[in-house]
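Hi,

Here is the structure I promised to pass on. Have a look at it first, and then read my notes below.

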Amino acid sequence: MSGNEEEQKQKLNIVKILKCRNNDCKAWVREEFAVPDQVCPMCKGPMLRTMKHLPALQKKYKSPTR
């Protein structure tokens, strides 16, 4: 494994997500972006709480332009 691959793996965090219960559907959403009683955005089916290894979000702040 190269140094670059190791750096990428180290940046992954365990994140709470909601994923579609339908085995044929691959949709998921980070729990922090879900709404109460979230339904699958693709098939409108029920969602299941679980965890996934994901990179941290990059929060970008844009200052207001005048």
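How many bridges join strand S1 to S2, and which way do the two run? There are 3 bridges between S1 (residues 12–20) and S2, and the two strands run antiparallel. Before the rest, two notes on the source. This is a predicted model, where local features need pLDDT of at least 70 and side-chain atom pairs count only at pLDDT 80 or more, while totals for chains, interfaces and linings use all residues. Residues are numbered from 1 along each chain as its sequence is written, and side-chain values use heavy atoms, with hydrogens and water left out.

**The sheet**

The 3 strands form an open sheet in the order S2-S1-S3, with antiparallel pairing. S2 (28–30) and S3 (47–55) are at the edges with a single partner strand each, so one side of each has no neighbour in the sheet. On average, neighbouring strands are turned by 40 degrees against each other, direction ignored. Here axes are lines fitted to C-alpha atoms (for helices over the stretch in contact), and angles run from 0 to 180 degrees between N-to-C directions. Strands are DSSP runs of E with at least two residues, numbered from the N terminus, and two of them pair if DSSP finds at least two bridges between them. Within the sheet, leucine 18 stands opposite valine 29 in S2.

**Glutamine 38**

Both of those residues turn up again here: leaving aside neighbours within four places in sequence, glutamine 38 is in contact (heavy atoms within 4.5 Å) with Leu18, Val29 and Met47. Glutamine 38 sits in the loop between S2 and S3 and counts as buried, at 19% relative accessibility. For that label, buried means under 20% relative accessible area, exposed over 50% and partly exposed in between (1.4 Å probe, protein chains only). A polar atom of the glutamine 38 side chain lies 3.0 Å from the backbone nitrogen of valine 35.

**The salt bridge**

The count comes to 1 salt bridge, meaning a side-chain nitrogen of Lys or Arg within 4 Å of a carboxyl oxygen of Asp or Glu. Arginine 49 and glutamate 31 make it, at 2.8 Å from N to O. Arginine 49 is in S3 and glutamate 31 in the loop between S2 and S3, so the pair ties together parts 18 residues apart in sequence. Arginine 49 is exposed at 63%, whereas glutamate 31 is partly exposed at 26%.

**Arginine 21**

Lastly, arginine 21 lies in the loop between S1 and S2. Not counting residues up to four places away in sequence, arginine 21 touches Pro46, Met47 and Leu48.

Cheers

Terms used
Helices (H or I, at least four residues) and strands (E, at least two) are DSSP runs, numbered from the N terminus. A polar contact is a pair of N or O atoms within 3.5 Å; within protein, one must be able to donate a hydrogen and the other to accept it, and residues adjacent in sequence count only if both atoms are side-chain atoms.
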